[in-house]
Amino acid sequence: QLQVVESGGGLVQPGGSLRLSCAVRGFTLEDYAIGWFRQAPGKEREGVSCMDRSESDTYYIDSVKGRFTISRDNAKNMVYLQMNNLKPDDTATYYCAADQSPPTSQYMCIFWVADTWGQGTQVTVAS
């Protein structure tokens, strides 16, 4: 059974940093593209960052470029999202997802393509 479990959310002040982690279970991470998505109250879910299997194709939504970094450790079956210079608009529930064969990382993020989704971890940016 494919499963991803997020952790690392919390309350942080504006300008602060957090690193989200996603543990992959039941499948081999190196065979999957990965992504982080978020949903704020009253807003539609959006793809924050997605990365293909080879790590050669990475997508970031414009609002997080230069601040967030997606990464993966296939040996540990872990996915990460390093978030720096956090802003109140980054407040949302963040979800990890994996898909075996999206056409591109951008496609995965824009169309929410995934074989499996996590339950989410809450990130709140407030002073």
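The largest pocket is lined by 13 residues, and Arg38, Lys43, Glu46, Asp89 and Asp90 lie nearest its centre. The model is predicted; local features require pLDDT of at least 70 and side-chain atom pairs pLDDT 80 or more, whereas totals for chains, interfaces and linings use all residues. Residues are numbered from 1 along each chain as its sequence is written, and side-chain values use heavy atoms, with hydrogens and water left out.

The space in the largest pocket amounts to about 170 Å³. A pocket is here an open set of points on a 1 Å grid over the protein atoms alone, where a 1.4 Å probe fits, with protein on both sides within 12 Å along at least five of seven lines; lining residues have an atom within 4 Å of a point. Grid points are joined across faces, edges and corners, and the volume is the space filled by probe spheres set on the points. The lining divides into 8 charged, 3 polar and 2 nonpolar residues. In this division Asp, Glu, Lys and Arg count as charged; Ala, Val, Leu, Ile, Met, Phe, Trp, Tyr, Cys and Pro count as nonpolar; the others, Gly among them, count as polar.

The largest nonpolar core holds 37 residues. Such a core is a set of buried Ala, Val, Leu, Ile, Met, Phe, Trp, Tyr and Cys residues joined through side-chain atoms within 4.5 Å. Buried means under 20% relative accessible area, exposed over 50%, and partly exposed in between (1.4 Å probe, protein chains only). Trp36, Phe68, Leu81, Met83 and Tyr94 touch the most other members. Strand E9 (residues 92-99) supplies the largest share of this core, 6 residues. Strands (E, at least two residues) and helices (H or I, at least four) are DSSP runs, numbered from the N terminus.

Aromatic pairs number 3 in the structure. Rings of Phe, Tyr and Trp (its six-membered ring) pair if their centres lie within 6.5 Å; planes under 30 degrees apart count as stacked, over 60 as edge-to-face and the rest as tilted. One of the pairs joins Tyr107 and Phe111. This pair is tilted, at 4.7 Å centre to centre and 45 degrees between the planes. Both residues belong to helix H1 (residues 105-111); they are 4 residues apart, so about one helical turn separates them. Tyr107 is partly exposed at 35% relative accessibility, whereas Phe111 is exposed at 52%.

Two arginines are placed over tyrosine rings. The charged end of Arg19 sits over Tyr80, 4.1 Å from the ring centre. Arg45 lies over the face of Tyr95, at 4.0 Å from the ring centre. The criterion requires NZ of Lys or CZ of Arg within 6 Å of the ring centre and within 35 degrees of the ring normal.

Backbone geometry was examined next. Glu55 is not a glycine, yet has a positive phi of about 70 degrees. Glu55 lies in the loop between strand E5 (46-51) and strand E6 (58-60) and is partly exposed, at 44% relative accessibility. Asn85, also not a glycine, has a positive phi of about 45 degrees. The loop between strand E8 (78-83) and E9 holds Asn85, which is partly exposed at 42%.

Met78 lies in strand E8 and is buried, at 17% relative accessibility. Its C-alpha atom is separated by 21 Å from that of Ala92, 14 residues apart along the chain.
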